[in-house]
Amino acid sequence: MAAGLPFRFRPLRHGLAVLLGALLIADQLFPPPLPGRDAGQALLIVARDGTPLRAFPDRNHVWRHPVALGDVAPAYHEALLRYEDRYFPWHPGVNPFALARAAGQWASNGRIVSGGSTITMQVARILEPTPRSLAGKARQILRALQLEAHLSKDEILTLYLNHAPMGGVLEGVEAASRAYLGKPARRLSHAEAALLVVLPQAPSLLRPDRHPAAARAARDKVLQRMRGTWRDADIADALQEPAYAQTLREPLLAPLLAERLRKTAAGRPRVGTTLDAQAQQSVELLLADRLGGLPARVSMAALVVDNASLEVRAYAGSADFTDAERFSHVDMVRAARSPGSTLKPFLYGLALDEGLIHSESLLADVPQSFGGYQPGNFQQSFHGPVSVSEALTKSLNVPAVEVLERLDPVRFVALLRRGGLKLEFAKGGEPNLAVILGGASTRLEQLVGAYTAFARGGLAGKPRYTPDAPIEEQRMLSAGAAFIIRDLLESGGPLGRAVESGAGIRRGIAWKTGTSFGFRDAWSVGVSDRYTIGVWVGRPDGTPNPGFFGANIAAPLLVDLFNALDAGPPAPRTPPPGVKQERICWPLGTRAASLDERLCHQSRLAWTLNDAAPPTFPDRLRGGEARYDIQTTPDTHQRARPDCHPGPLDTRPMARWPAVLEPWLDDNLRRRALPPQWAASCAGQARPESGLKIVGASHGEILRRSAGGDAPLLHLQVRGHSVHGKAGGPGTEVVWLVNGRPSARQPAGKGFEQRLTEPGRYDITVLDDSGAYDRISLSVR
């Protein structure tokens, strides 16, 4: 007889081997019905704290909020195991004693009194529904054993927590807790835990929103079962709670961002975002509050970015996701639109870095032509001499074009791209001077990302929507330029705020508005210590909204958003290395400390960067140095020359203002800026220059009057000499004609003003008694 088992046991051994092999083959041929194998996966988009933002159902339109074991209240776990399956940690998927008890009750009562199903068997039935028959129960038992062989107890329990039927289209404890109770499952009370434990026994009959009395009775049964596990006081309190439930509704926060992230979910059941649920709700409520005051089809968008992490805290791509008339499904956070004047802070910041300007550089806000391009201001009025700080805070167009011409539009666009802000041009278009006034397109998310540079030492960043998104940042400006521009946007700079050099500065909100051509887009973007927020208002189809501009429609919303989300006091701020305050002088634009006081017609306190105090831009209309010398008589201080005036003469330094600004100087500045009259002995020998010349407006210029705004006010001056050699100064009279009709006879040195009240063409002529004249034509639209 061979060694080993006795002969009579060998068939048993072989039979067991065959059975085991058959079970393994059957397991391979009929794998357990795990989720996602045969059905579409439900998807949940959640805020950073787990609050559902939007749920996308599976193919069966089932709403499920994935949850881990540790994210469910301990009370629920305790009640589930005690009420449903107290031996769950130890049985192999089937409890034979429970099955025997259920069979005996069925035999003696003729009906099912208790099912005898374990949690594992319930999971098997959920994943693979079977008929309520002996054959169905047998299949359930086999599947339960199979699940136990493949999964751990925690994995099986997690399947139950996520797939247990909870009434209607809800599955899982998290979905039920959010839908019925308005809270996450980790915050369930004892009464709420008991309610959700019993709900899967009869989901349609025990729904607390439809059958509160039945739900309460079933819940109380669970609570009574928990005696000995929970404290009597906790059970007594739980029995007093009503079985209430809120009306079921789909979570709908940040719907357009959720739609965007859905496309990148890659089969995941849950996608976490960086959004703050409370901030998101506040933004959506503020937008909804303004809908009543907006015309039909006008939408809004807002984006809130945390400066420290570049994480997006709130995202509203449209004004109202439920309002199709307002193009609710068009995500204006990502739409390419004209940015209007919102690029001006970057222009002046880049010009600072290039050493072209300081904060009080002299610019000319007067009608000018730049190679045929004649920009006007939004209000169709002009301010004459302005500084960079005034041009930025007042959003003046002509000075911005003047600076862009010096920087070069192609270089400007390239520098923006380097910093992460990509401008889009029409087919065949290329960068030109119009780019600074909205002659290109960008997107709200790119614009907000670029503006973060003013709070991040010049580093712009790409907004992050998910916690695992990489941090992408680029150098937009130097830290010094970012500091200066932010200070100008906050307070107007040193001119608008008395502060000692190097002292800490209290900050509020640095903000800029923009309006695209034809009132199609209204923008406002702001920066605080904590957030950068961008707002857009307009019609997604590009239809104009007359009277809608950044300052009156977008800026108030921006301020309300900051008040709601970032109400804390600003922190003190110290200028970074390379930034300091210095006195500079107009018209030369250089430091006051190095100038003769006679050359300093106006003194201003300016921010300078990297020890640079660049001079005023060269005169566009006349050559020669801005600084020159004249000779005057010692007694009368009149202008003279040695060849026409006997005796000694004094040398007097002079500083010349740009020619386009001379008509805009007040009397005091004019006395200091313009040379004195010629002495009588030299007047006849003064050589004429080139007749009379009108300055202050260009021939062919087009002025536009905004709806409801003041009529354009024209400021003109006459320059040059008559053919007889008389200086065009205060002693020479000239006649001004408008459309051929005399309008004024006055000294040549006195400026001429004319308000152009009607649209159309205006021919303006100036002439003197000798017949010298000049004429320009312009039009008002």
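User: How do you know that strand S1 and S2 pair in this predicted model?

Analyst: Strand S1 (residues 43–46) and S2 are joined by 4 bridges and run antiparallel. Pairing asks for at least two bridges between two strands, so the 4 bridges joining S1 to S2 meet that rule. One of the partners can be named: Leu44 has Ala55 in S2 as its bridge partner.

User: What makes S2 and S5 the edges of the sheet?

Analyst: The open sheet has 3 strands in the order S2-S1-S5, with mixed pairing. Strand S2 (52–56) and strand S5 (270–272) each have a single partner strand, so one side of each has no neighbour in the sheet. From one strand to the next, the twist averages 15°.

User: Which helix packs on the sheet, and which strands are touched?

Analyst: That is helix H11 (residues 255–262), which touches S1, S2 and S5. The direction of H11 makes about 50° with that of S2.

User: Why is H8 called roughly perpendicular to H9?

Analyst: Helix H8 (residues 190–198) and helix H9 (residues 212–225) pack at an angle of about 105°, and their axes are 8 Å apart. Angles of 65 to 115 degrees count as roughly perpendicular, so H8 is roughly perpendicular to H9.

User: What residues of H8 and H9 meet, and how many are nonpolar, polar or charged?

Analyst: On the H8 side there are His190, Ala191, Ala194, Leu195 and Val198. They meet Ala215, Ala218, Arg219, Val222 and Leu223 in H9. The contact of H8 with H9 divides into 8 nonpolar, 1 polar and 1 charged. Arg counts as charged, so Arg219 is the charged one.

Definitions and conventions: Residues are numbered from 1 along each chain as its sequence is written. This is a predicted model: local features need pLDDT of at least 70, side-chain atom pairs count only at pLDDT 80 or more; totals for chains, interfaces and linings use all residues. Side-chain values use heavy atoms; hydrogens and water are left out. Axes are lines fitted to C-alpha atoms, for helices over the stretch in contact, and angles run from 0 to 180 degrees between N-to-C directions. Helices (H or I, at least four residues) and strands (E, at least two) are DSSP runs, numbered from the N terminus. Angles under 35 degrees count as roughly parallel, over 145 as roughly antiparallel, 65 to 115 as roughly perpendicular and the rest as oblique. Contact means heavy atoms within 4.5 Å.
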